[in-house]
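Thanks for coming. I will take a few minutes on one structure, so please have a look at it first.

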Amino acid sequence: MNKSKKLSAEVKFNNIITHPLDPLSFDEINKISEIVKAKSDLGKELLFETIMLLEPTKEKVLSFKKGDHIDRNAFVVVLNFKEEKIYELEINLISEKIHRCEFIPNVQPAFIFGDLEMDFNEWESKMKKDPKVIEALKKRGITDPDLLQIDPWPISNFGNKDEEGKRLAIGRCWIRREPEDNAYARPIEGLSIILDLNKNEVVDIQDFGTVPIPPNDGNYSQNYQKEFRTDLKPIEITQPEGPSFKVDGNEVKWQKWNLRIGFTKREGLVIHTVGYEDNGKLRPILYRASLSEMIVPYGDPTNDHFKKQVFDAGEVGIGKCANSLELGCDCLGEIRYFDASLFDIRGNATLIKNAICMHEEDYGILWKHTDTRTGEVETRRSRRLVISSIVTVGNYEYGFFWYFYQDGGIEYEVKLTGIVNSSAVPPGVKPKHGTLVAPQVVAHNHQHFFNVRLDMMVDGIENSVYEVDTILDPISEENKHGNAFSTKKTLIQNEGEGARIVDPFAARYWTISNNSKKNYMGEPVSYKIAPGENLLPFSHKDSVVNKRAGFMNAHLWVTQFNNKELYASGDYPQQHPGGDGLPKWIQSKRDTKDKDLVVWYTLGHNHIPRLEDWPVMPVAYIGFSIKPSGFFDKNPALDVPPSNNHSCSSGCNCCN
Ligand code: CU
């Protein structure tokens with residue numbers, strides 16, 4: 001609490017609001033929690049789950065002109081942890097009035113640990129000192145609970161009547177050999193601590209039997225590394241005239257791109273109002289883009305490992321877990337950082353310095369041709385604008401990267417790193433549902449599913465989505481030699497026809513088209529979703545995880561815009577039995593032809609752990625692209641100037 005107060009005096013730069021989509025400032029967040037505490041009458045025992053900007057309507061945002069009056073509204077979720085009740089509030093910051101205050105029954109908030117007096121570390125200390133925990137540790141020969149690490153995991157919902165209405169978590173345990181080493185090398189298998197998060201107490205110990213603690217350390221930090229390789233020469237990224245982007249508040253202009261940067265506790269990085277300047281006119285492409293939800297289902301059926309299925313956005317909060325990024329380590333070159341103003345559970349504003357990194361990267365060749373008759377060579381180098389944020393969720397790290405290219409393309413990439421979740425097996429046991437990554441340490445098979453919500457706006461609000469497959473033409477009079485192939489384009493007429501899956505053998509992609517705007521060749525202007533690596537969940541259709549995270553079961557979902565539909569598994573996935581979010585919304589089969597549409601793309605990554613993932617995992621990548629497909633009349637990057645940078649030490653003209 002003191003830390004937040006101290007910061008308040010230092011934070012001046014983050015408080016100027018110049019646009020209706022600017023995230024809530026540090027001061028605004030403090031003001032909101034003060035209004036809730038003073039005017040809501042919800043009791044003194046309030047903990048804050050959400051404080052975020054309640055975005056104005058699209059019409060208001062799109063008609064906004066610099067200098068116009070900016071109305072500011074906030075959406076707040078609070079928990080009265082004594083009464084175990086959750087409330088949603090809408091607050092106007094100008095009038096300081098609460099416009100809506102509503103009790104939300106039968107839901108649980110995202111993770112909140114502690115109370116008005118107790119922060120997470122103090123909370124963990126209290127749990128460690130519980131006599132039931134000490135007794136369970138003693139059984140395993142562990143006498144120093146200070147070296148214990150309790151990671152709280154969501155308990156999911158397997159229909160256990162005793163859990164109904166309670167705010168619970170499972171404490172999974174690891175034991176360090178010394179205070180600074182890697183706890184995940186020494187899992188305490190078979191010990192699950194059931195935690196009541198409202199009462200802040202241990203309610204039960206589930207002991208599945210003792211398994212020896214694995215013998216080896218798994219340290220990766222530089223303090224434990226005996227020697228480093230010595231043959232690396234420095235790489236310097238220099239931009240002597242500075243970067244090519246311009247930043248005004250949260251607005252970014254980079255060459256022909258124009259966009260705004262936002263941030264929320266739940267989604268982390270948000271990209272708003274993306275447009276591209278074409279022949280002097282700013283053409284809209286995307287109204288809002290963000291990670292709407294993600295889940296990591298684990299594939300081991302033993303003990304209570306089957307309950308491991310975490311919604312890292314909805315149950316934890318991706319923005320809340322954001323790292324403060326460091327120059328030269330996380331980001332290289334001429335960097336512009338953005339800070340994020342968030343809040344602690346008491347509603348005090350907090351600041352994550354350098355939560356978002358923006359820079360330019362050389363990206364190899366943009367295009368090239370050699371005219372073999374004239375000998376003329378034309379090459380352009382590609383440069384991309386990178387906007388990213390990296391988060392730590394327990395043992396894992398995720399980097400979320402948006403790339404903007406000079407040819408009008410956009411790419412989304414997730415970088416997965418950190419430490420694989422570890423369990424222990426007795427000596428000599430070879431686990432079926434995971435990989436032994438060190439003696440007696442198993443990393444279970446698991447998957448990572450991300451859903452990206454793309455509120456599209458291709459040259460205007462009203463868009464349509466088409467599925468495009470490449471098909472082999474039948475042998476016929478026209479196709480005598482069997483070489484012919486063509487494309488088959490199918491309109492997704494309503495939400496019920498959405499929920500599509502990738503088909504790499506049909507080279508399937510989806511276009512988002514504006515039927516009222518035609519390109520040079522008379523076709524509707526379009527952007528396309530080009531899938532990358534993807535797959536479906538390895539869990540049965542009627543399994544708990546499949547019901548709770550139904551968005552995993554299709555890769556492309558299409559819905560009519562609704563400002564209440566932001567998160568692919570619904571607003572409150574914590575302990576939710578399932579059925580909320582995308583699979584529910586599409587039941588109404590709303591018309592999707594020439595409408596204000598939201599496209600939701602799910603990308604899945606399979607993780608069968610490797611020995612090389614231990615003790616810390618080299619980055620794995622997964623992503624997809626959003627590319628112009630008849631949006632421009634020709635290659636929009638012809639005007640990128642030739643490069644005259646010959647900076648190799650050997651004097652060569654290197655291109656790749
Ligand atoms: Cu993984």
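I will go through the metal site and then some aromatic pairs.

This is a predicted model, where local features need pLDDT of at least 70, side-chain atom pairs count only at pLDDT 80 or more, and totals for chains, interfaces and linings use all residues. Residues are numbered from 1 along each chain as its sequence is written, and side-chain values use heavy atoms, with hydrogens and water left out.

The copper ion has as protein donors Tyr-396 (OH), His-446 (NE2), His-448 (NE2) and His-607 (ND1), at 1.9 to 2.0 Å. Donors here are N, O and S atoms within 2.8 Å of the metal (3.2 Å for Na, K and Ca); water is not among the atoms, so sites may look incomplete. Tyr-396 lies in strand S18 (residues 396-405) and His-448 in strand S23 (residues 446-456), so this pair ties together parts 52 residues apart in sequence. Strands are DSSP runs of E, at least two residues, numbered from the N terminus. Both Tyr-396 and His-448 are buried, meaning under 20% relative accessible area (1.4 Å probe, protein chains only).

Now the aromatic pairs, of which the structure holds 24. Rings of Phe, Tyr and Trp (its six-membered ring) pair if their centres lie within 6.5 Å, and planes over 60 degrees apart count as edge-to-face. Trp-174 and Tyr-184 pair edge-to-face, 5.1 Å centre to centre with 70° between the planes. Trp-174 is buried, at a relative accessible area of 2%. Tyr-184 also counts as buried, at 8% relative accessibility.

Technical notes: Helix = DSSP H or I, 4+ residues; strand = E, 2+ residues; numbered from the N terminus. Buried < 20%, exposed > 50% of the residue type's maximum accessible area, 1.4 Å probe, protein only. Phe/Tyr/Trp six-rings, centres within 6.5 Å; stacked < 30°, edge-to-face > 60°.
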